[in-house]
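Grab a pencil and work through these exercises with the structure open beside you. Each task comes with a worked solution.

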Amino acid sequence: MIISMRMHATRDEVDRVRARIEEFGYKVHSIEGEERVVIGVVGVGDVTACLESLEAMPCVEKAVRISAPYKFVSREFRPAKTEITVRDVTFGGTDFIVMAGPCSVEGERQILESAEIVARSGAKLLRGGAFKPRTSPYDFQGLEEEGLKLLAKARRETGLGIITEVMSDRDVDLVAEYADIMQIGARNMQNFALLKTLGRCGRPVLLKRGMSSTVKELLMSAEYIVAHGNSQVMLCERGIRTFETVTRNTCDLAVVAALNELTHLPVILDPSHATGKRSLVPALARAAVAIGADGLLVEVHPNPEKAMSDGAQSLDPQQFARMMEDMQPYIALWKGARVAEMAAAL
Ligand code: PEP
Ligand code: MN
């Protein structure tokens, strides 16, 4: 932290501020100018409480935090990217991983067919919501445990790992029984009770960015999960809410590159919720590869016109196959760059 005293603060005032900082357990280094004293604060302590206390002192003009408020998830804490292995797939390594499937699990035939379709085109995990966060209480809410059982059946039949959403801390144990990756939806990014419970769920977590959340808030939410005992966390950009209406959300693509600087956690892009339109999904998926994401979460439905949720943004089987094929040259370049990056980090 850096504390800037008001102009011409008295010696007594400076000493009181120094004493206050030391009460919080920090070390103090002051720089005394002609007109103003600036105090550098280093060490470990309760930063927020200390800042708030100093800001309340009339002789302090400004108190600012310099280091990031998150620690475990920062690149400084761990320079090498975290690798997360789910069944025989590793995120954050030298493979670009595609997770695909319908928005919701709708029934046995639909999910088994979806699993076969996405596996055939090269997806490594099957997505599908059994607990659905819907804006309207009258919309399809998901098949819940029955949906989880169907996902498990699809896994048995195809060998694909399962990623599915958990909406409440009450359901964490139940979902963890079936899921290979626990998906936390945009609407729950700051459900702190849920984040704390995920700390002990024993499964990797995919944390989606809230639609009105900053990158710092996303990283702080990831920090919750890690601080509560689970370091297997991946982040997902899925578009944020802006004034733009041509797309369902506005994909904050640059954030993928920013996250790769700020954190060691793998970063996934969801081009389906980011656009809301299936025609835009393949282009955004290629962009995700080019900008250095670790993988994709894509909605694919055997018959999008009949989907019970998010049909307009779901690719049909042919479109998904084509997209996967068209991405191959980009993925080859991605792999070369990733291998070089990992070798340079050794
Ligand atoms: C989903 O993946 O179907 C979903 C509900 O996503 P989000 O939480 O990003 O809206
Ligand atoms: Mn969806």
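**Exercise 1.** Which side chains put polar atoms by an oxygen atom of ligand 1?

*Solution.* Start with Arg-127: one of its polar side-chain atoms sits 2.8 Å from a ligand 1 oxygen. That's a polar contact, meaning a pair of N or O atoms within 3.5 Å. Next, His-273 brings a polar side-chain atom to 3.2 Å from an oxygen of ligand 1. Then go to Glu-299, where a side-chain N or O atom is 3.3 Å from a ligand 1 oxygen. Finally, check the cover: the protein hides 97% of the 300 Å² of accessible area that ligand 1 has on its own (Shrake-Rupley method, 1.4 Å probe).

A quick note on ground rules: this is a predicted model, where local features need pLDDT of at least 70 and side-chain atom pairs pLDDT 80 or more, while totals for chains, interfaces and linings use all residues. Residues count from 1 along each chain as written, chains are lettered from A and ligands numbered from 1 in written order, and side-chain values use heavy atoms, without hydrogens or water.

**Exercise 2.** Work out the strand order of the open sheet, and why β2 and β4 are its edges.

*Solution.* Read the order off as β2-β3-β1-β4, with antiparallel pairing. Strands are DSSP E runs of at least two residues, numbered from the N terminus, and two of them pair if DSSP finds at least two bridges between them. Now look at β2 (27–32) and β4 (60–64): each has a single partner strand, so one side of each lacks a neighbour in the sheet. For β2, that pairing is with β3 (residues 37–42), over 6 bridges.

Notes: Helix = DSSP H or I, 4+ residues; strand = E, 2+ residues; numbered from the N terminus. Polar contact = N/O pair within 3.5 Å; in protein donor to acceptor, adjacent residues only side chain to side chain.
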